Amino acid sequence: MAIQKTKRDFPLDMIRNIGIIAHIDAGKTTTTERILFYTGKTYKIGNIDEGTTVTDWMDQERERGITIVSAAITAFWTVKSGLFAGHEMRINIIDTPGHVDFTAEVERSLRVLDGAVIVLDSSSGVQSQTETVWRQANKYSVPLIAFSNKMDVVGADFMATIQSARDRLGANAIAYNLPIGKENDFKGVVDLLTEKAIIWEGDETGAKFHETDIPTNMAEEIKVAREKLVEEISGTDDVLMEKYLGGEAITITELKEALRKAVIANKIVPVFAGSSLRNKGVQSMLDAVVEYLPSPQDIGSITGINSKTGESEDRKTDPGEPLAALAFKIQVDPHVGKLTYIRVYSGTLKSGSYVYNSTKQVTERVGRLLLMHANDREEIDEAYAGEIVAAVGLKDTVTGNSLCDQNTAIILESISFPDPVISLAIEPKTKSDQEKLGFALQRLSEEDPTFRVKSDAETGQTIIAGMGELQLEILVDRMKREFKLEANVGQPQVAYKETITKLAEGEGKYIRQTGGRGQYGHCLLRIEPLPRGQGREFVSAIVGGAIPREFIGPIEKGVIEKEDTGILAGYPVTDIKVTVYDGSFHDVDSSEIAFKIAASLGLSEAAKKADMILLEPIMKVEVTTPEEFLGEIIGDLSSKRAQILSSETKGNARVVIALIPLAEMHGYATAIRSMSQGRATYYMEADHYEPVPSNITQKIIESSGFTGRVEH
Ligand code: GDP
């Protein structure tokens, strides 16, 4: 784990900042592992089944065999031929988590990538999480290449996988190479542009491979596929199109250059065949990462908001420009302490310097700067525009904050995170640990913005909330390990929301005359439903000074507090517009607190007349099961208020997709195991919120024990 100081001099176009994204179990971890092996930064190949991979360095990840933390790893790869022949390239791999509870982490890492490899399972094609990560990648216009992994498994079908990417993702996916053999006979690939075969001799890591002539029995298949690839590439470039139509020869270099442009412009997704487990095809895919995915230079510039003018502003990917950088991940490293992963977009970040956090408006000192390799780290003095680096020593900076120079302050687009769908109460086993609990939760929520902490206004309990049971379980586990804190946790609770269904008005009065100075707050509020997902709005329609301006802020505060606490059953109120339209005040007795309380009372009164309902999170659930258990699984789903969207045959399995309220999914992992002798699997993610049926609403309200009384 030696820290060495080296001088690096990497031209920007020799850098690739990439991520590997996939549906769970498609082979993202294994593929990352192989990449790290071939790029020479890991000595012993890890095997996910034995829990020794490099990217999964946290204990829990090893135990669970899933990747949670998006560590950024710097690796080096020398390309043998093609556009970048002979150059040693620097590839920064931003590991993206595979489990859906951590979708926000995937989004966060996509935000700072320049390109990504989407790993598909050749035996199942596109799966539901593939669609999710695809949508997320599209949101940030991340250029993609696809790796059709697991060509060695029974039922592997390269062309069907490409077709499913075209059908289900609407991607212009097209074969770049063709597999030679499949299932147990998968041996290598044919590069369609060079028309050369690459054969791996054996399955083990580091198996030798050699280039040879194409298998004669594949000649026709290759001709058709090459023609299609050339046609598709030519279609993206006017000059090549003319040559193509005129029957003129197009050189391989011309095709590669045009394909590079097309991939960067999200016009083509070239697909590569391989098997990470059997160590085949990975090197070809790595060559393609360099040849076809963009360098930071290709990205050009980033847009942010100038802190002084409020206007949008572009910053060039240039080390000589003023600094603009984004903190995208906080991680506690067992050796170095708190690490802040930073993407530098513009300018130069120097170790030991002071930077301005424009999101929080504080100045921070950067301690050391580190490049994280798979199993060691390298200390550097400067990180340039386009680079990804880990900083030690930043105290206040959290995920999503912008770092820059104070006199050229800029705020880069912040990252948006979904609302949590599940929560649970937590308390330390020993009372004296209460403070420690607060500290630990604060630290953990700094690392993970989808993880929220609040205290229940009625009971005073500490509540933690997140995107899934697994996420919360892991966080509780981390508290035990990293903070040596034992906690009691309650049953996971669904994060319902409250909303109103019609317009209503309410009056809030808080008047106390008790000798000396009294209290006087009085306001009239109108509430209206907003479209689903719109959140909250507050407006003041006070004219003519019915309420002095300085009390409008406190009224808004009172409204927000009440909305947070809930009115019907103790859940936050959403999709509501509140207008304060009238009121009165007293010259002496009026105070901020009196108006705050009046607002809270006014909102309660209005809400009671507005036919409140509860909303519940609806999950999109995908179950994959052998045919024989289908009947029982569908029967069970139907008893869970499920709306079955589709049921398809895939290879020898059935895939059922359904929308199901989260409230019905508690304990499903165990249930599905026992229904299918452990052979069916499922995957779910939050889809949207919907009204809870009224008979169930009543039960929820009763069991919530919510009284609506909050002491002021
Ligand atoms: P992730 O969830 O996407 O990170 O997937 P993993 O890399 O953990 O792989 C899931 C499972 O598939 C593991 O048991 C791997 O050993 C296995 N696997 C990964 N790649 C391949 C492959 O190319 N062929 C075969 N047969 N199995 C693979």
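Trainee: Which residue has a polar backbone atom 2.7 Å from an oxygen atom of the ligand?

Mentor: This is a predicted model. Among the residues closest to the ligand are Lys28 and Thr29. The polar backbone atom that lies 2.7 Å from a ligand oxygen belongs to aspartate 25.

Trainee: Which residue places a polar side-chain atom 3.2 Å from an oxygen atom of the ligand?

Mentor: A polar backbone atom of leucine 277 lies 3.3 Å from a ligand oxygen, but that atom is part of the backbone. The polar side-chain atom at 3.2 Å is that of lysine 150.

Trainee: What percentage of the area that the ligand exposes when taken alone does the protein bury?

Mentor: A polar side-chain atom of lysine 150 is 3.2 Å from a ligand oxygen. Taken alone, the ligand exposes 570 Å². The share of this area buried by the protein is 86%.

Trainee: Why is the pair of phenylalanine 37 and tyrosine 38 edge-to-face?

Mentor: The structure holds nine aromatic pairs. In the pair of phenylalanine 37 and tyrosine 38, the ring centres are 5.4 Å apart. Planes over 60 degrees apart count as edge-to-face. The pair is therefore edge-to-face because its planes stand at 85°.

Trainee: Is tyrosine 38 buried or exposed?

Mentor: Phenylalanine 37 has a relative accessibility of 22% and counts as partly exposed. Buried means under 20% relative accessible area. Tyrosine 38 has a value of 14%, so this residue is buried.

Trainee: How are the rings of tryptophan 200 and phenylalanine 209 arranged, and what is the angle between their planes?

Mentor: The centres of the two rings are 5.3 Å apart, and the pair is stacked. Tryptophan 200 is buried at 4% relative accessibility, whereas phenylalanine 209 is partly exposed at 36%. Planes under 30 degrees apart count as stacked. The angle between these two planes is 25°.

Trainee: Which aromatic residue has the charged end of arginine 526 over its ring?

Mentor: Arginine 16 lies over the face of phenylalanine 84, at 5.0 Å from the ring centre. The charged end of arginine 526 is 4.5 Å from the centre of another ring, that of tyrosine 581.

Trainee: What distance separates the C-alpha atoms of aspartate 167 and valine 126?

Mentor: Aspartate 167 is part of helix H5, which covers residues 158-169, and is exposed with a relative accessible area of 55%. Along the chain, aspartate 167 and valine 126 are 41 residues apart. Their C-alpha atoms are separated by 9.1 Å.

Trainee: Is aspartate 575 buried or exposed?

Mentor: Aspartate 575 lies in the loop between helix H13 and strand S35, and its phi is near 50°, a positive value in a residue other than glycine. Its relative accessible area is 2%, so aspartate 575 is buried.

Trainee: What is the relative accessibility of aspartate 611?

Mentor: Aspartate 611 has a positive phi of about 45° although it is not a glycine. Its place is in the loop between helix H14 and strand S36. Aspartate 611 counts as partly exposed, because its relative accessibility is 41%.

Technical notes:
Residues are numbered from 1 along each chain as its sequence is written. This is a predicted model: local features need pLDDT of at least 70, side-chain atom pairs count only at pLDDT 80 or more; totals for chains, interfaces and linings use all residues. Side-chain values use heavy atoms; hydrogens and water are left out. A residue is near a molecule or strand if one of its heavy atoms lies within 4 Å of it. A polar contact is a pair of N or O atoms within 3.5 Å; within protein, one must be able to donate a hydrogen and the other to accept it, and residues adjacent in sequence count only if both atoms are side-chain atoms. Accessible areas come from the Shrake-Rupley method with a 1.4 Å probe; for residues, only the protein chains shown count as cover. Rings of Phe, Tyr and Trp (its six-membered ring) pair if their centres lie within 6.5 Å; planes under 30 degrees apart count as stacked, over 60 as edge-to-face and the rest as tilted. Buried means under 20% relative accessible area, exposed over 50%, partly exposed in between (1.4 Å probe, protein chains only). A charge sits over a ring if NZ of Lys or CZ of Arg is within 6 Å of the ring centre and within 35 degrees of the ring normal. Helices (H or I, at least four residues) and strands (E, at least two) are DSSP runs, numbered from the N terminus.
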